[in-house]
Amino acid sequence: MIGISKLYCGTVEPSDALRYGRHSSTLPSHLLQFSKDKRPVVVWNVTRKCNLKCVHCYAQATDEALANELTTTEGKALIDDLAQFGAPVMLFSGGEPLVRKDLPELAAYAVEKGMRAVISTNGTLITADMAKTLKSIGLSYVGISLDGMQPVNDRFRGVPGSFDKALAGIRHCQDAGIKVGLRFTINRYNVDEIPAIFDLLEDMNIPRVCFYHLVYAGRGSEMVKEDLSHEETRKAVDLIIDRTRALHDKGLAKEVLTVDNHADGPYLYLRLLKENPQRATEVLELLKMNEGNNSGRGIGCVSWDGEVYADQFWRHHSFGNVRKKPFSQIWTQPEDELLLKLKDKKQYVKGRCANCSWLDVCGGNFRVRAEAVHGDVWAPDPACYLTDDEIAQTI
């Protein structure tokens, strides 16, 4: 994640991470990416079942639950292991996590064990009563996915009425006092919706939005041609930066992040270098702390059937199964060659990534995207939009 609001608008200073000690167990959620120990944030896809039919779903969700999903008891055993391991956050995802009737029980258990519980949802199943339940168990955050305003969103989601139900879910969370934010996956068909998303933040007083770059996984692998060109991506990132600044200047500071393309970090720094060199120097230190992509290190994923992945997009390569071996052991005593290499992947990347000045900042970007396009997990990420001159620039 690249914190546009933190880095560009200065809402978090470099000293903050140092003041908190940079250990994930003591850091607030908005500083986790600066932690030293890099205990993984774990995404648990609790089910593959979903009530929508999103065209870009990385999990290839279906309308039926699978028989091999982890049970409530198995889920609590997973949470026990992760809590003892020191993983700071459990992100419940799917499919649609709220189709599991035991989701509140599982989230409450994670909170009881000292973890921060977060839900990634389409929002359509968050009734007023569900919002109150989620608030009562101490849920930290609800991220609700929107792909634009009503016509665009409902086309992407595959079910009419999804937009209105998602907005109702947002309101129910707000009424219950739960922090709620938006998740938006950028592609060629909805990039023009970005200004409307910023308008929605302001109109509904939503405090946070994450703009996700497209990852070629699951049904998203069929959308490679719908991804933005490099020039279009630069324009989209500039727009996000400009709209974030505009809100900040109006006294309406929002938490705005971009996700899944770590070229955004160097790009933001190079822009700041022209506009505010002193601030750019501070931002570079934060970017170095962040260390770019952390698949297989600072983030991990457990699937509905217990398989462990480098992140939620990499479902074709499992490192083991929590039914056979605890996540903590799979993660810290890796027997899988890919997991071993991902933990120090900068020495394995090839091409322009290997020679890039920003490798320590970007971390080699998304390996799963490189593999999807080039058939080589260590090839350059095709979504890196930095020019040859920019990657050669001395830091």
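Ring pairs join Phe85, Phe327 and Trp331 into a cluster. Here, rings of Phe, Tyr and Trp (its six-membered ring) pair if their centres lie within 6.5 Å, and planes under 30 degrees apart count as stacked, over 60 as edge-to-face and the rest as tilted. The model is predicted, so to speak of local features pLDDT of at least 70 is needed, side-chain atom pairs count only at pLDDT 80 or more, and totals for chains, interfaces and linings use all residues. Residues are numbered from 1 along each chain as its sequence is written, and side-chain values use heavy atoms, with hydrogens and water left out.

Across the whole structure, the search finds 9 aromatic pairs. In one of them, the ring centres of phenylalanine 198 and phenylalanine 211 are 5.5 Å apart with planes at 25°, so this pair is stacked. It links distant parts of the chain, 13 residues apart: phenylalanine 198 belongs to helix α8 (residues 194-204) and phenylalanine 211 to strand β7 (residues 208-213). Helices (H or I, at least four residues) and strands (E, at least two) are DSSP runs, numbered from the N terminus. Phenylalanine 198 and phenylalanine 211 are both buried, that is, under 20% relative accessible area, where exposed means over 50% and partly exposed in between (1.4 Å probe, protein chains only).

Tyrosine 348 and tryptophan 378 form a tilted pair, because their ring centres are 5.5 Å apart and their planes at 40°. Tyrosine 348 is partly exposed, at 29% relative accessible area, whereas tryptophan 378 is buried, at 9%.
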